[in-house]
Amino acid sequence: MTHDAIAVIDFGGQYAHLIATKVRRLHVLAEIRQPEDPIDAFRGYRGLILSGSPSFSSFGEDSGYTKAIYDLDVPILGFCFGHQEMAKHYGGTVVHGGREWGPADLQVIAECPLFAGLGRTERVWMSHFDSVTSVGPGFHEVGYTTLGEGGAPHRFAAIANESLRRYGFQYHPEVDDTVHGSEMIANFVFGVCGCQPSWTMERYVEERIEQVRQQVGDQSVFLLASGGVDSTVAARLLGMAIGADRLHLLHVDNGLMRKDESRAVLETFAAFGLDRNLHFIDASDTFLAALAGVVEPEQKRTIIGNAFIEVFEREAKRLGIEGHLLGQGTIYPDTIETGGTKRADTIKTHHNRVPVIERMIEQGRVIEPLADLYKVEVRELGEKLGIAHSLIWRHPFPGPGLGVRLLCSSGAEARDGFDEIEPTVAEVARRYGVGAMALPIKSVGVKADLRSYEHPVLISGDAPWERLLELAAAIFKGVAGINRCIWNLGPSAPARVRPLAATVTRERLDLLREADARVMDGLRRHRIYDDIWQCPTALVPLEVDGTGREFVVVRPIHSERAMTATPASLPAALIAELREQILSLPGVSGLALDITTKPPGTIEWE
Ligand code: XMP
């Protein structure tokens, strides 16, 4: 090995590759290893990091890994499941309970090299059902967490055994929301493991171009180009590797685009000189026909992914493009959320990871030059490749587009668990001086690396932004079966809400396009577009006033890698405008702002 390196053992947690990315950002090589790899695969590293997992340590799930790693004389650091497994291995106990989602405050109570240069209280990020309740001989508690003022302590959030150089964090230092997480990882990598920084992004670009040339050989590439950041950076990188002549771009209007989006995309490609072999097809009829009558979110996602391939193959034939690979701007979260690594749970099937594409990948017919990067790295790469700032910093737009923002329903009420949920939600909200009701519908979320499909809670009443976020966190912590909180912007708290039967139709899409256009326009006019990472607008088939009209939810978030997110506040003047503009759209009767962190919600509702 020419570089000092760290091995990240991937137990299937949503953030395992993010750990590797965070280490590489420190210019230290990080490689992913599987838990059952033979012990020799773990030799030669300066340190090991154990990732989180969708498995439960308390139930002994996934405990059959190569335990001989603990005999290696190198430092080991465990996060979440990795922390629990390490505690258990050395004689501690882990129980199923003590769940925490999102932010918590770590109180550091002992000296530890991993906290060198940091404060006694650190904001950290949680996503767990299981907890460590005692540690074995030689280990001690370095910190515990609390939530909000006067919150009960959560013990053993950070543990250490200095003589063995074993450390564990219940929280996730690898996510950006752990404010000094990178410093904690750097303290491990440099301070404890003694690594030298020698790995760079320039090296990455050179290696990637070489890999693309080898994979493509003398074939051509036909790239699905949505006009978003990822496919545009992929187009530039592929162009550099194989030349513009052998690169064809296909932009598909799937009927699920934003208002006037396809026209703008084609103009942008032309402006950036990427229109040499650019093809366009309006395939909205194909997509809408395939989606007709479908309600279930995963089914919608699969149908959209399949329709892309159907259109792609039809167009390749029509244009006479032969001997080509399918190019996609897939990035890492698309793979991990689709359950695309060995142990990861399927949170949602991304459009570029449906089974038909998985089969094409196995056959070597797909090229995805960005597949191990996160959005922030794609943007960094795009800047290095000279792509215009305005394109690189556009808000991400998902491949299935408005298809995952247009919620559908059979009209049946989902009220499972409501006997317990309703009184508990009302009781928590009362403490904050507002009203709250669980909604009889469901949306997708992610909890402790597992997919959740649970109820949102609608909060009505006025409270300062920080208090609202605290209330949401208290609801997630105190009430099972809830993965989302939204704040009512309508004039009053609804007395009764009811799901409406609704599927994907052009009329509903047009209504959503209109609402979305107003939100985007508002963000730009109020000059906060660049401060916000993404702002989905969802149309939810829920009536709040008995008139059969739908509900709109706006979800402004801050994020860096989409693996976690925090809700972004909007200026009062913009909220007032949105109230006026969106509530006056024919077909809309309610409006709310999503105030959910990820986890436990995901960014998109489906
Ligand atoms: P979630 O909803 O999983 O979204 O928190 C994370 C990020 O991924 C985007 N997203 C997708 N992007 N194909 C994509 O290209 C997809 O199928 C897809 N689903 C979600 C989402 O907009 C957010 O930025």
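Tutor: Start with Arg-301. One of its polar side-chain atoms lies 3.0 Å from a nitrogen atom of the ligand. Keep in mind that this is a predicted model.

Two further contacts involve oxygen atoms of the ligand. At Lys-598, an N or O atom of the side chain is 2.7 Å from a ligand oxygen. At Glu-604, a side-chain N or O atom is 2.5 Å from an oxygen atom of the ligand. Now take in the surroundings. The ligand is surrounded by 15 residues. The closest are Glu-337, Lys-348, Lys-598, Ile-603 and Glu-604.

Stay with Lys-598 and follow the backbone. Lys-598 is joined to Pro-599 by a cis peptide bond, with omega about -10 degrees. Pro-599 sits in the segment after β25, a strand that covers 588-594. The bond between Pro-599 and Pro-600 is cis as well, and its omega is about 15 degrees. Pro-600 also belongs to the segment after β25.

Another backbone feature is at Phe-156. Phi of Phe-156 is near 60 degrees, a positive value in a residue that is not glycine. Phe-156 is part of strand β8, residues 154-161. As a general rule, most residues other than glycine have a negative phi.

Helix α8 (residues 297-319) pairs with helix α7 (residues 284-291): their axes come within 10 Å and cross at roughly 145 degrees. The crossing of α7 and α8 is right-handed. From α7, the contact uses Thr-286, Phe-287, Ala-290 and Leu-291. From α8, the residues include Lys-300, Ile-303, Ile-304, Ala-307 and Phe-308, with Glu-310, Val-311 and Arg-314 also taking part. The residues of this contact divide into 8 nonpolar, 1 polar and 3 charged.

Now α13 and α14. Helix α13 (residues 418-431) packs on helix α14 (residues 465-478) at an angle of about 150 degrees, with the axes 10 Å apart. The two helices are therefore roughly antiparallel to each other. Their crossing is right-handed. On α13, the contact is made by Thr-424, Val-428, Ala-429 and Arg-431. On α14, Arg-467, Leu-471, Ala-474, Ile-475 and Gly-478 take part. By type, the residues of the contact of α13 with α14 are 5 nonpolar, 2 polar and 2 charged.

Last, α15 and α16. The axes of helix α15 (residues 506-525) and helix α16 (residues 572-583) come within 10 Å and cross at roughly 155 degrees. α15 and α16 are therefore roughly antiparallel to each other. The crossing of α15 and α16 is right-handed. Ala-515, Arg-518, Val-519, Gly-522, Leu-523 and Arg-525 make the contact from α15. Leu-574, Glu-577, Leu-578, Gln-581 and Ile-582 make the contact from α16. These residues split into 6 nonpolar, 2 polar and 3 charged.

Technical notes:
Residues numbered from 1 in each chain as written. Predicted model: local features only at pLDDT ≥ 70, side-chain atom pairs only at ≥ 80, totals over all residues. Heavy atoms only, no water. Axes fitted to C-alpha atoms, helices over the stretch in contact; angles between N-to-C directions. Helix = DSSP H or I, 4+ residues; strand = E, 2+ residues; numbered from the N terminus. Parallel < 35°, antiparallel > 145°, perpendicular 65-115°, else oblique. Left-handed = near helix turned anticlockwise from the far one by under 90°. Contact = heavy atoms within 4.5 Å. Nonpolar A, V, L, I, M, F, W, Y, C, P; charged D, E, K, R; others polar. Near = heavy atom within 4 Å. Polar contact = N/O pair within 3.5 Å; in protein donor to acceptor, adjacent residues only side chain to side chain.
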